[in-house]
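Subject: Structure handover, with notes on cavities, pockets and rings

Hello,

Here is the structure I promised to pass on to you. Please open it alongside this email, and my notes follow below.

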Amino acid sequence: MLRDYFLNKVEKALFKAIEANKLGQMSEYKKGSLIVEKPKNPEFGDFAINVSSLARSAKIAPPMIANAILEFIDKEDNEYTVVAGFINFKAGETLLINLIKEIIDKKSNFGRPENVETEKIILEYISANPTGPFHIGHGRWAAMGSALANLLKFYGHDVYQEFYINDAGSQIQKLGRSLIIRVKQELGDDIDFPTNEEERKNYYPGDYLIPVAQAFLQKYPDTTLENIDKIELSTFCDFAKEYEERVQRDLLDKLHVEFDNFYSELTLHNSGKVKYYVDKLTQSGKIYEKDGATWFRSSDYGDDQDRVIKKVDGSNTYLTADIAYHADKLERGFDRMIDIWGADHHGYIPRVKASLEALGYDPNKLEVLLGQLVNLVIDGNEVRMGKRKNMVTLEDLVDEVGVDATRFWMSMRNIDTTLDFDIELAKKSSDENPVFYVQYAHARACSIIRNAINDRIDTQSGVTIKAVMSESDFNSLLNNFNQDIVKLTLKEARKIILKLEEFKHLIVTSARDRQVYTICRYVQDLAAEFHSFYNSTRVITDDKSLTSARLAIVYAFKTVLANALRILAVSAPERM
C-alpha cells in the first residue's frame with residue numbers, strides 16, 4: 001500500500017537522521033509512532049505525516065525535524081515536500097504504473113492483503129424465530145452479515161456463517177395454536193383470533209398463516225372440523241415451523257445469502273448440552289435458587305445484576321440456551337465469535353460474556369455488533385411498516401426494488417446508525433440512486449472496451465465505425481503490460497489511479513473494524529472518479545497508443561469496482 005510505502009521511507013530516513021545527530025536531542029524512535037494521513041488540501045500531496053510529536057524528544061521545531069528527515073529519504077521519482085511540521089508525499093510515475101500492472105495481473109485478487117494474521121471465525125446473524133416471514137430489519141442483518149462474511153473472507157479469515165433457529169419455547173406453541181385457527185377458517189368455521197389485547201398476545205394473527213393452513217389441508221386432506229381437535233398440537237407446530245423455515249430459506253437464496261449451517265435451538269436442548277453447561281455452572285457455585293427461580297451469578301463477572309436462567313414456572317429463559325450455544329461455538333474450534341444483534345440487546349452482551357468467563361472461556365472471543373433499525377421512506381415521508389399493507393415484509397421490499405438495490409441500500413450506512421430506506425429512490429434509474437450510479441459506471445466501462453475492440457454502427461449516420469483494435473490486441477495489452485504506453489495518460493488518470501489504490505487500505509481497515517458501509521461509500525466515490533475521468537478524457541482516440549493507455553485504466557477501474565461489488569454481493573452488470 002502507498003501508505004505503508006511512504007511511512008517506511010520516512011521511518012528509514014528518520015533512523016538515519018538520528019544516527020547522523022540531525023534531530024537535536026532525539027536518540028531513539030519507536031517504529032510505528034508516526035501516522036499517515038490525507039492532506040486536507042490535495043495540492044499538498046497524496047499523503048502526509050505530521051512529525052510534531054517528535055519535537056518533545058528532539059527539542060527542535062517540527063519544520064526542522066521534517067527537513068532533517070527529508071535529507072535522508074530516497075526520493076526515487078516521487079515528490080516530497082515540507083509544509084510546517086508535515087512531510088508531504090506525492091507518488092511518482094513508477095508507483096502509479098506499477099499499481100495498474102498489479103490490478104491487471106491480480107484481477108479478482110487485487111486488494112487481498114498478504115502476510116496478515118487470520119482467524120477461524122463463526123459469524124452469526126439474522127437468527128429469527130421461524131414463526132413468520134422476515135421483516136425489513138431482518139433484511140439489514142442479512143445484507144450486512146453476508147457482506148461482512150465476504151469481506152472477512154476476502155481479507156483471509158476462515159469464516160463460517162450460521163443461522164441460529166429459535167425453535168424451542170412458547171413461540172412455537174403459539175404458532176401451532178394460530179395455525180389451528182387458520183385451518184378451521186379454511187374449513188368454514190366462523191372463528192377468529194381473540195380481540196382482547198392480552199389474549200391476542202398468545203397468537204400470531206397475521207394473514208401469512210392462511211397459505212400455511214391451505215398447505216396443511218393439502219398434506220392432511222382428511223382433516224375436518226369434527227376431528228381437528230383430536231390432532232396433536234405438535235403436528236400443527238411442526239408443520240408451521242417447517243413451512244416458515246422453508247419460506248425464510250427461499251428468500252435468503254433469493255438475496256444471495258448463503259449460510260454454512262442452520263443451528264436448531266431445539267437440538268441444543270435435546271442433545272443435553274444446555275443441561276451440561278448449567279450443571280457445570282452449578283458445580284462451580286455460579287448457580288443459586290431464589291424466590292422459586294434459578295439464578296446465574298453474572299454480577300461476579302461485570303454484569304450489573306444476576307440473571308434468571310429458569311423461571312418460577314420451570315421454563316428456561318433465552319439466556320439459558322444462549323449460554324450453551326456460545327460455549328458450544330468455542331468447543332467447535334472457532335477462534336472468534338461475531339454476532340449481529342439489534343440495538344435493544346445491548347444489555348444482553350455482559351450476561352453472555354459473563355457466562356463464557358464463568359465457564360472458563362475468554363469472553364473477549366465474543367464480538368457483538370449492535371445494529372439500528374430501518375425506516376421505510378416513501379415520497380419523502382417515513383412510513384410505519386405495520387401500517388402499510390403492501391410493504392410489510394422483506395420479501396415485499398425485494399419484489400418492489402430488486403435484490404441489488406435491497407442489498408446495497410441495507411449496507412450503505414454504519415450499523416449503529418438508523419437507516420432510512422427510500423423506496424422510490426431505490427427504484428430510480430438515475431444518478432440519484434447510488435446503486436444505479438455505481439452499476440452504470442461498471443456498465444459504461446464495459447461498453448467503452450466493447451466499442452474499442454468491436455466494429456459498431458453510428459446510430460445517427462448509420463456509418464460503420466471500425467474497431468480501434470482487435471480483441472486479441474486488447475488481450476495482448478493486458479498480458480504484455482507496456483509501462484511506456486500507460487505513461488501517456490498518467491496526468492489525466494492520476495486521481496482515479498490513487499482511488500483504485502485506496503481499495504487495498506480499505507479492505508484492511510474495514511475488515512478490522514467489521515464495517516461494510518465503507519465499501520458502499522468507496523464504490524460511490526470510485527464511480528464518481530470514473531465518471532469524471534470519462535467526461536474529461538476521451539478514451540477512444542485516433543492514437544492507438546493513447547487509446548491503449550486509457551483502456552488499461554478503464555480495465556483496471558472495472559476490475560476493482562467488480563471486486564468491491566462482489567463483497568457486497570451486488571451484481572456488476574456489463575450492460576444497462
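Sorted by class, the residues that line the largest cavity are seven nonpolar, two polar and one charged. In this scheme Ala, Val, Leu, Ile, Met, Phe, Trp, Tyr, Cys and Pro count as nonpolar, Asp, Glu, Lys and Arg as charged, and the others, Gly among them, as polar.

Before going further, please note that this is a predicted model, in which local features need pLDDT of at least 70 and side-chain atom pairs count only at pLDDT 80 or more, while totals for chains, interfaces and linings use all residues. Residues are numbered from 1 along each chain as its sequence is written, and side-chain values use heavy atoms, with hydrogens and water left out.

**Cavities**

Grid points are joined across faces, edges and corners, and a volume is the space filled by probe spheres set on the points.

There are two cavities of 30 Å³ or more. The largest has a volume of about 60 Å³, and its lining consists of M144, L148, I340, L369, N414, I415, R514, Q515, V516 and Y517.

The second largest cavity holds about 50 Å³ of space. Its lining is made up of F134, F163, I165, E245, Q248, R249, L252 and F262, which divide into five nonpolar, one polar and two charged residues. Both β6 (158–165) and α9 (233–254) supply at least two residues of this lining, and the largest share, four residues, comes from α9. Here and below, helices (H or I, at least four residues) and strands (E, at least two) are DSSP runs, numbered from the N terminus.

**Rings and charges**

The charged end of R249 sits over the ring of F262, 3.8 Å from its centre. K174 likewise lies over the face of Y204, at 4.7 Å from the ring centre. (The rule for a charge over a ring is NZ of Lys or CZ of Arg within 6 Å of the ring centre and within 35 degrees of the ring normal.)

The whole structure has 30 aromatic pairs. In one of them, the rings of Y276 and Y277 have centres 4.9 Å apart and planes at 80 degrees, so the pair is edge-to-face. Rings of Phe, Tyr and Trp (its six-membered ring) pair if their centres lie within 6.5 Å, and planes under 30 degrees apart count as stacked, over 60 as edge-to-face and the rest as tilted. Y276 is partly exposed at 49% relative accessibility, whereas Y277 is buried at 6%. Buried means under 20% relative accessible area, exposed over 50%, and partly exposed in between (1.4 Å probe, protein chains only).

**Pockets**

The largest pocket has a volume of about 1000 Å³. Its lining has 36 residues, with I126, S127, A128, N166 and H345 nearest the centre. By class they are 17 nonpolar, 14 polar and five charged. At least two lining residues come from each of α5 (136–155), α12 (318–331) and β11 (336–342).

The second largest pocket contains about 380 Å³ of space. It is lined by 13 residues, and P42, G45, D46, K495 and L498 are the closest to its centre. Helix α20 (residues 490–513) gives the most to this lining, with five residues. What is the make-up of this lining by class? Three residues are nonpolar, one is polar and nine are charged.

In α5, 18 of the 20 residues are buried. Its end C-alpha atoms are 29 Å apart, which agrees with the 28 Å that 20 residues should span at 1.5 Å a residue (the expected span is 1.5 Å times one less than the number of residues). Just after α5, G156 takes a positive phi of about 130 degrees.

Helix α17 (residues 434–453) is largely enclosed by the rest of the structure, because 16 of its 20 residues are buried.

Lastly, P363 is in the loop between α13 (349–358) and β12 (366–371) and is buried, with a relative accessible area of 16%.

Best wishes

Technical notes: 1 Å grid on protein atoms, 1.4 Å probe; cavity = no way out; pocket = protein on both sides within 12 Å on 5 of 7 lines; lining within 4 Å.
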